[in-house]
Amino acid sequence: MDDVTTLASNLNGLTWREALASAVHILRSTEGDDAPVDARRLLAHALDAAWLDLVKDPARVLTPAQATILAAMLARRLIGEPVSRIIGQRGFYGRDFLVTPATLDPRADSETLIDAALARIKPIWGTGAGLNILDIGTGSGCLLITLLAELPRARGIGIDPSAAALRVARANACQLGVGDRARWIEGRFETVARTIGQRFPLIISNPPYIPTPELAHLHRDVRDFDPHLALDGGPDGLDIYRSLALHLADVAERGWLLLEVGDGQAIDVIQLMNASPVSARIGQQHVLPDMAGKQRCVVFEIHE
């Protein structure tokens, strides 16, 4: 608290331009080249202003209240808390999503699943009339909600074992205008698969896939702030994929299954699916890279 008070005192009375420079300097030691981006986002949030406002009026002076808010946020960032968690939102596929300690922080890597889904769905379903989507392990709802926003006549269900995560997903759906087309079910996939009562031509999932022994070695931004329920994939990281392989027949109709996987897991996931009770219904299989070139998305075509 003393550090925050001192920092707030140093920031108080600075112009917006000076405050930005100071914030960059403070974060540079821990954030390196990311410091300017983080500093801009934190300052804009402290001022309750758009970045364009800072550009237009850089000579405005921080109020004591704004200095205190900015100091507290900088202190949180210095101990590793991600900016998205500090400001309570993360951009994903051009939209802002609420995030809380109950949800995984959406990553740009997962946008690979959205691109892959839309490339297959739009030529056949157009705007999604009659299309039902299932999102397994929905978290913040970013995958399902994005697809519903991009396919304005589609409907979907998100499953998650965390009631707190589903509250966030529901809020995101309402905020982004798709709340009337989304339904949320609390529970683990293996326990609810047979009770959903319908099948889906599009099933998508970004499940927990970090092997349990590796959790302690994750970057602190992830290890200390993402919920372990959304990270821990069991001893080898493949627990949820085994569950999907066993119970997929309960929810899949002709269409596609798209799974996010960890680096190096694609072949293992493909082998699990090809040895599963639904293997006879699996057609073409594709592995797609994320923006960093890592194998990130496995696509399975599902037959009748």
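Predicted model: local features only at pLDDT ≥ 70, side-chain atom pairs only at ≥ 80, totals over all residues.
1. Overall dimensions. The chain has 304 residues and a radius of gyration of 21 Å; because a compact globule of that length would have a value near 19 Å, the chain agrees with that expectation. The C-alpha trace spans about 70 × 40 × 35 Å along its principal axes.

2. Secondary structure and contacts. The chain contains 13 helices and 9 strands. Among contacts with a separation of 6 or more, 68% join residues 24 or more positions apart.

3. Burial and surface. Of the 304 residues, 51% are buried. The accessible surface of the chain amounts to about 13,800 Å², and carbon and sulfur atoms contribute 52% of that area.

4. Charge. There are 30 positive and 37 negative side chains in the chain. The centres of these two sets are 5 Å apart.

5. Largest nonpolar core. This core comprises 37 residues, and the members touching the most other members are Leu134, Ile203, Tyr241, Val251 and Phe300. Two or more residues come from each of several strands, including E3 (132–136), E4 (155–160), E6 (200–205), E7 (252–260) and E9 (295–302). Helices H10 (189–192), H12 (239–247) and H13 (266–274) likewise give two or more residues to the core.

6. Surroundings of Tyr241. Leaving aside residues up to four places away in sequence, Tyr241 touches Pro207 and Tyr209, together with Leu259, Glu260, Val261, Gly262 and Gln265.

Key
Residues numbered from 1 in each chain as written. Heavy atoms only, no water. Helix = DSSP H or I, 4+ residues; strand = E, 2+ residues; numbered from the N terminus. Rg over C-alpha atoms; globule rule 2.2 N^0.38 Å. Buried < 20%, exposed > 50% of the residue type's maximum accessible area, 1.4 Å probe, protein only. Contact = heavy atoms within 4.5 Å. Areas by Shrake-Rupley, 256 points an atom, 1.4 Å probe, with all protein chains shown as cover. Lys, Arg positive; Asp, Glu negative; His and termini not counted. Charge placed at Lys NZ, Arg CZ, Asp CG, Glu CD. Core = buried A, V, L, I, M, F, W, Y, C linked by side-chain atoms within 4.5 Å.
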